[in-house]
Amino acid sequence: MAATAGEDEKLIARGKGIAYMGLIQYEEAEQSFLKALQQSNGLIEAMDYDINYYLATAYYKQGKYEEALPHFQQAFYYMYREGKEEPNAMPLGNAAHTYELMGEYKEAAEVYVQLMETLEGHKNSYVTNRDISCNYARS
């Protein structure tokens with residue numbers, strides 16, 4: 001077992017969280033991801049993107065939208081600051097959708113615009129002008 005072999009506690013907590021997500025046990029997943037983040041040494045690592053994204057998703061699945069938002073945004077920030085050639089915009093897109101579910105259409109539209117600006121020129125962008133115009137119509 002990894003825990004008894006002295007493996008990284010952060011990695012173990014992350015793995016447990018992912019397992020709980022697969023079992024649709026979102027409260028347990030939330031606790032595991034929070035434990036993983038507590039193991040951080042203060043330096044932002046690539047795994048922090050991943051953990052924040054999973055934590056945001058666990059909150060989202062429980063309907064804890066306000067708790068999910070900062071973690072979706074942090075996940076995007078951590079990933080984007082790594083300078084990936086084709087950044088994964090899913091965390092920011094999920095943040096925009098979360099604002100929609102909360103009825104905060106103006107904020108959702110602003111995040112979609114930020115997303116489009118961030119991904120301008122990236123060929124694999126999945127956000128469309130239709131997504132943005134639908135939100136502006138609601139705001």
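Start by selecting residues 26–38, which form helix 2, and pick out Glu-30 within that helix. You are looking at a predicted model, so keep that in mind as you go.

Is Glu-30 buried or exposed? Glu-30 is buried, because its relative accessible area is 7%, and the cut-off for buried is under 20%.

Next, show the side chains of Glu-30 and Gln-62. These two side chains make a polar contact at 2.9 Å.

Which other residues touch Glu-30? Leave aside the neighbours within four places in sequence, and select Leu-55, Ala-58, Tyr-59, Gln-62 and Lys-64: Glu-30 is in contact with each of them.

Leu-115 counts as buried because its relative accessibility is 0%.

How far apart are Leu-115 and Met-90 in space? From C-alpha to C-alpha the distance is 9.5 Å, while in sequence the two residues are 25 apart.

Finally, zoom out to the whole chain. You can count 7 helices and 0 strands, so the pattern along the sequence reads α-α-α-α-α-α-α. The chain has 139 residues, and 37% of them count as buried, including Glu-30 and Leu-115. Take the contacts between residues at least 6 apart in sequence: 49% of these join residues at least 24 apart.

Key: Residues are numbered from 1 along each chain as its sequence is written. This is a predicted model: local features need pLDDT of at least 70, side-chain atom pairs count only at pLDDT 80 or more; totals for chains, interfaces and linings use all residues. Side-chain values use heavy atoms; hydrogens and water are left out. Helices (H or I, at least four residues) and strands (E, at least two) are DSSP runs, numbered from the N terminus. Buried means under 20% relative accessible area, exposed over 50%, partly exposed in between (1.4 Å probe, protein chains only). Contact means heavy atoms within 4.5 Å. A polar contact is a pair of N or O atoms within 3.5 Å; within protein, one must be able to donate a hydrogen and the other to accept it, and residues adjacent in sequence count only if both atoms are side-chain atoms.
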